[in-house]
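Shall we start with the rings?

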Amino acid sequence: MKKIAVINDLSGFGKCSLTAALPIISAFGIQACPLPTGVFSNQTGYESFKSVDLTDSMKDFIAEWKRLEAAFDGILTGFIPNSRQGKIISDFIDGFKADNTVVAVDPIMGDDGELYPCHDEKTVAAVTALVKKADVITPNITELALLCGMPLNKIYSPEEIKAMSEKTGVKTVITTGLDFDNEIGNAVYSEGEFRIIKSRKHGEHFSGTGDIFTAYVLSDYLINKDIFSAVKNASAFIEKAIEETLKNEPEKHYHPDGIEFEKFIKTI
C-alpha cells in the first residue's frame, strides 16, 4: 500500500488541515500517516479557539518513525506557523525522501495581495526553503508572487503566471484560485507544459478547500501519474461538494465549518 506523510495541524471543528486531507487520501486507498504540528479546538476562522503547539514534540515523533524504518511515496506539507517547524520539516524531507517520493508543498503565506499577519520574514524564508525541495507546489497568486519576489497586489496574465512558475524552479506549479469572471481557474505548469483548468465560480469563502485540493491532487497523481487529470478531478470534486454545501447553507457567505465533501468520498 502506498503511504503519504501528512504534516499539518489538527482542528476539532472546521474541516481543514488534517481532518480534510486524511479522508481524501484514504479514499484513494493510500495510507495517510499524519505528523501533527499542533492541535486546535477549532480552526482559526472562528471567533475564538484554543490550541496546543507540538513543535517541541515533532523531532521525537520523527525519531520514532526513523526507528520504524518508515518509507513514503508522498510527503505533503501544509500551514507552517513558525520557522522552527520549517527547519524540522525540511530535515524530515531530507531524511525520508527517496528517489520515488513525491513532495507536495502548499506554501500557505498570504492571500488577496497580502501576507498573513501571523507570518514574518523568517517564516516566509522557511516556507521558501521547503518549496525548493518540492516536486509539486500549490500556491495562490499572492503566494506565487511572494516566491518570485514580485508585487503582491498586481493582476497577472496567464503568460506572466507561466513565467513566474518557471522561475520557481519547481517541476510542477499549480497556481490556485485564479478569477475568470464566472469561473475559477487553476494554472498548471509541469515540465514546460502550461494549462489553465477552470470550474464554476462560487463567491463564498469555504474553509479547507485548499487542503482537500492538494491532498486530492497528490493522491490522484501517485495512482494515475497524470498531473493535469489530477487537477481536473480535484476541481470537479470540490465543486460538487461546494454546491452541496450551498444547497444546505444558502444564507452563508463564509463557511468556517468547511464543505460537505464526505457525501462524495465514494466517487473517488
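1. W65, F72, F92 and F96 come together in one aromatic cluster. Rings of Phe, Tyr and Trp (its six-membered ring) are taken to pair if their centres lie within 6.5 Å; planes under 30 degrees apart are called stacked, over 60 edge-to-face, and the rest tilted. Please keep in mind that this is a predicted model, where local features need pLDDT of at least 70, side-chain atom pairs count only at pLDDT 80 or more, and totals for chains, interfaces and linings use all residues. Residues are numbered from 1 along each chain as its sequence is written, and side-chain values use heavy atoms, leaving out hydrogens and water.

2. The structure has 8 aromatic pairs. One of them is the edge-to-face pair of F28 and Y216, with 5.0 Å from centre to centre and 90 degrees between the planes. This pair links distant parts of the chain, 188 residues apart: F28 sits in the loop between α1 (17-27) and β2 (31-40), and Y216 in helix α7 (residues 209-224). Helices (H or I, at least four residues) and strands (E, at least two) are DSSP runs, numbered from the N terminus.

3. Are F28 and Y216 buried or exposed? Both are buried, a word that stands for under 20% relative accessible area, with exposed being over 50% and partly exposed in between (1.4 Å probe, protein chains only).

4. Two lysines are worth a look. K198 lies over the face of F180, 4.4 Å from the ring centre, and K225 lies over the face of Y221, at 5.6 Å. Such a charge sits over a ring if NZ of Lys or CZ of Arg is within 6 Å of the ring centre and within 35 degrees of the ring normal.

5. Now the sheet. It is open and mixed in its pairing, with 9 strands in the order β3-β2-β1-β4-β5-β8-β9-β10-β11. At the edges are β3 (51-53) and β11 (193-200), each pairing on one side only. Strands pair if DSSP finds at least two bridges between them. Strand β1 (residues 3-11) runs parallel to β2, joined by 8 bridges, and S11 stands opposite F40 in β2.

6. Finally, the whole chain: it contains 8 helices and 13 strands. Of its 268 residues, 50% count as buried. Residues 24 or more positions apart make up 66% of the contacts with a separation of 6 or more, where contact means heavy atoms within 4.5 Å.
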